[in-house]
Every structure is written in structure tokens, then in C-alpha cells.
Amino acid sequence: MGAGAAALAATLALTACGGGGGDDAAAAEFSTEYSGTVSAWGFENADDVGQSRLDHAEGVLGASDTTIEIDATAFDAQKFTTLAASGQVPDVVQMDRNFVATYAAQGLITPLDACFEVHGVEPDDRWYEQVVDDVEWNDQVWGVPQFYQPPAVLLNMRVLNDAGVTEEEIDPSNPDALLAAAERMTVLEGTNPTRIGFDPQGVSKAALWMMSFGGGIVDDEGRPSLDRPENVEAVEFLQELYDAQGGYANVKSFVDSFDVFGDGNTFVNDTVGAAIWDQWYPNVLTPYAGEIEIAAVPMMAQDGEPITAASGQAFVIPANAQNPSAGCAWALELTSPEAWQAAGEARAETTASNPERQGINTGLFTGSPDVDQDLREQFADAAGFAGFDDVISTYYEVAEDGESFGASPAGQQIQSELQNAVTSALLGESSPEEALGQAQEAALRAHDQVVGGQ
């Protein structure tokens, strides 16, 4: 059983034992008057950005005689449902935003609208609308979001120039031109690629490609919609794209051999012409700024408009938390402009003190548009590397065009079924229509089990 399926099995088991739906869950009472101890879970391996925010929030809450106790292990869905069943829940839990609607539907977490109200926070003013959409279900907001890692297309200009391909040809809104460009950049030994023109990350980014073709993985009510005709069309295009580069199995084997984080990365050794990457990856490439020639273009919808997608984490307050007021206040302080300012200063100091970064600061993508722009103006710097300057600008620009994949009570299972279906189709085990139809049936069963068929 995969991680997503195991997570869903655990949550469904808890529901069967008496977990209530979101409409039945009693909302916590929130106040700006709090003290005592906040127990928090999920803030794993805090780096300079994380630790500076933790220090800020601890200082603010300490003024109210509140202390923070952190379980710094990674979030685990099975552990969370076990804790919820026992009643021994932390006050705050950090998790991927894909989980939030699932636990909201089961009544395992509490809505935070009242917390936002007492603190004078308007979610759509503090965060990108698409980021809030990730944690909104049944017209309530269930999480305090953080981070927003938009994907875009990174270009290896040496490979493009060698193949006579222009930036304008790397345009998903013109599938024929993109296929031709990918094929020209690809180098095959038989059917085995030694260089691929375009790595679409077709399985992990399948939902993004479906968005490009006008589809989507959930409807407006959070029900799965994996078998939409537009989704089928997107997978059919991915089949063509992989086939033009040696076939999915051969491309995957080649991609799996990549030294993504090391000296042999694809932009150093020119084994990929273009690839979809989230905003964090340019940070990985900063030590190699003098060795690589990069640029970036947005992912595009078929109507020619740039798109990207929200992703990130959120802090939630479990139902029956002992100190919800302090827990929510802590989460809001961690995501406040002041906390992010401290994080920006910490990252700037790290950049200045680490020669490997070569003075390049790609900025912070916090989930809050005003904060992002403020930190960009203060700290983002390509240190004279024109390619990185282009990349940084592209990611900031596409962030404004982002959409949410949609919040669903079966969010994790939908993702799992989607990736299994796309893999099956790309391997030729079933047609895209058949694979997505079967995935839709499984995801819909999972959704209906969580919400009780409503």
C-alpha cells in the first residue's frame, strides 16, 4: 500500500469509528487572551528561514507567559489519526495543504475563521487567494497557510542554442511547436536518451498539465473530476512528448539517474534542455552559477495565458486541542510580516556568509503577496548573473497567475490515484481514458466514504 493509500485507510478507519463530518464539528473558541503551553508538531529540520520565524513567534508569545513545546518530527497521517482517536492531540500541527480538507470533513480539525476575526486578519488580504483556496472547505478556512512554491519552466540555454531552439518554442500553449523543439533537443542512442529536450515531470506534475489543458482534478464542491475530457487530452499530449524522446520508460530511467542536487546536475552536464521545476530549485543551482546558462519561461495554458499552481503547508488546530487560542496565535505570528522580515534578514545573512551561494538570493515565496514583494525589493539579487535574474523575475511574475488545484476531503487519495493512472497510461498499460476512468471511480469512492456520500 502506498503512502497516500495508507493515509486514507487510516483516516477512513477513524471515520468508521465515529469521526464526525465537518458540519458536526464544534468550532473552538478563540481569544487574544492566552497563556500556558502550546504543543506543536511538524516543524521539522528548521533552516535559517524556519528558525528565525520560530524565534520571532516565541518572543511574541513569551510576553503573554506562553511557552512553546515542539515535536520536530515530520508529519505522519497515521500518527495524527491515532492521536485524534486517543484525544491526545497537539495544539498545532503543520501538514501539507492536501490533507487539510480531509481532516476538516472528518471533524478532526477546527475552522479558524473565528481566530482570524479576533486577530483582525482577513485571509484574502494576508495570503494569495489561491493559497487560501487550498485550505478552504465548506465556506470555512481550516488552516494558516505558509509558503507558495510556484512551478515554471527552467531552460538550459546551451542546449537550446545547440539545437537551434528559441525560448518562444518552449510554450505549452503551442503543443506542436513544443513537441518539435523537444525532439530537436533530444539525443538518442537507439531508443535510450543521452539528452532529453523537455522533462515535463509528467507524473508528479500531471495536475498542472491538466490545468494547462483546461481540466482539473476536483470540481467546485471538492469531488474528484479525474476523467474530464481535458484531462485525457493532457495525458495524450504527455504520451506524445515522451514518445518523441524515447518513450516514458526510457526517459524515466534516464531521469532517475540524474544527480539533481550535485555537481552532475542536468544544467551543468547539459542532459536536459528544459524542465518544469518549482521555485526552490534555482536555490540548488546557485553554486553552479558560473558554469551554467539558464533562463525561465512560464508554464502556459492552451489559451496562451501563463499559469502556475499553489502548493505548500499549513498550520491546523486539531479538534479538542487544549490551548487553541495560543496555538492559533503562534501560527499567525509564524506567518506574520514581522516573522517573514526576520526570515528575509536571516536568509540574506546566510547568502552573504556562504561563498557557495555566490551572492545570489532568489527571494522568499511566503504565500503572502505583499510580503513577497517587500522581501524581493529588499533582498532578491542575482549578483550580476543575468540568467538567474531572468529566472527570479519569472517566478515572481507567475506567482500572481497561480490557481489552487482545489481542496477536497479526498485530496491525498485523488493525487495518489492520479499519479497511478498517469503512470499506467504513459507506460502503455492502458489508454488515458481507461486509466483516468478507473482512477475517478476509486477517488470518488474514497471521497464518498470520507463525507458519508454527501
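Visitor: How do strand E7 and E11 pair, and over how many bridges?
Guide: Strand E7 (residues 151-156) runs antiparallel to E11, over 4 bridges. Two strands count as paired if DSSP finds at least two bridges between them. Strands (E, at least two residues) and helices (H or I, at least four) are DSSP runs, numbered from the N terminus. This is a predicted model: local features need pLDDT of at least 70, side-chain atom pairs count only at pLDDT 80 or more, and totals for chains, interfaces and linings use all residues. Residues are numbered from 1 along each chain as its sequence is written, and side-chain values use heavy atoms, with hydrogens and water left out.

Visitor: Which residue in E11 stands opposite Asn156?
Guide: Ile294 does.

Visitor: What's the strand order in that open sheet?
Guide: E8-E9-E10-E7-E11. That makes 5 strands, with mixed pairing.

Visitor: Which strands stand at the edges?
Guide: Strand E8 (187-189) and strand E11 (294-297). Each has a single partner strand, so one side of each has no neighbour in the sheet. The twist averages 35 degrees from one strand to the next.

Visitor: Which strands does helix H18 touch?
Guide: Helix H18 (residues 386-399) packs on the sheet and touches E7, strand E10 (272-278) and E11. The direction of H18 makes about 20 degrees with that of E11. Axes are lines fitted to C-alpha atoms, for helices over the stretch in contact, and angles run from 0 to 180 degrees between N-to-C directions. Contact means heavy atoms within 4.5 Å.

Visitor: Stay with strands. Where is Phe198, and what does Phe198 touch?
Guide: Phe198 sits in strand E9 (residues 192-199). Leaving out residues up to four places away in sequence, Phe198 touches Val153, Ile170, Leu178, Ala182, Trp209, Leu241, Gln245, Ala274 and Ile276.

Visitor: Is Phe198 buried or exposed?
Guide: Buried, at 0% relative accessibility. Buried means under 20% relative accessible area, exposed over 50%, partly exposed in between (1.4 Å probe, protein chains only).

Visitor: New topic. How many disulfides does a search of the whole structure find?
Guide: The search finds 1 disulfide. Cys115 and Cys328 form it, with their sulfur atoms 2.0 Å apart. The cut-off is a pair of cysteine sulfur atoms within 2.5 Å.

Visitor: Which parts does the pair tie together?
Guide: Cys115 lies in helix H5 (residues 113-118) and Cys328 in helix H15 (residues 324-334), so the tied parts are 213 residues apart in sequence.

Visitor: Left-handed or right-handed?
Guide: Left-handed, because the torsion about the S-S bond of Cys115 and Cys328 is about -105 degrees. Cys115 is buried at 0% relative accessible area. Cys328 is buried, also with 0%.

Visitor: Now Asn361. Where is Asn361 found?
Guide: In the loop between helix H16 (337-353) and helix H17 (369-379). Asn361 is buried, with a relative accessible area of 6%.

Visitor: What does the side chain of Asn361 reach?
Guide: The backbone nitrogen of Gly363, at 2.9 Å. Setting aside neighbours within four places in sequence, Asn361 contacts Arg347, Ala348, Thr351, Phe379, Ala380, Asp381 and Ile392.

Visitor: Last one. In what sense do E1 and E2 pair?
Guide: Parallel: strand E1 (residues 36-41) and strand E2 (residues 66-71) share 6 bridges. Val38 stands opposite Ile68 in E2.

Notes
A polar contact is a pair of N or O atoms within 3.5 Å; within protein, one must be able to donate a hydrogen and the other to accept it, and residues adjacent in sequence count only if both atoms are side-chain atoms.
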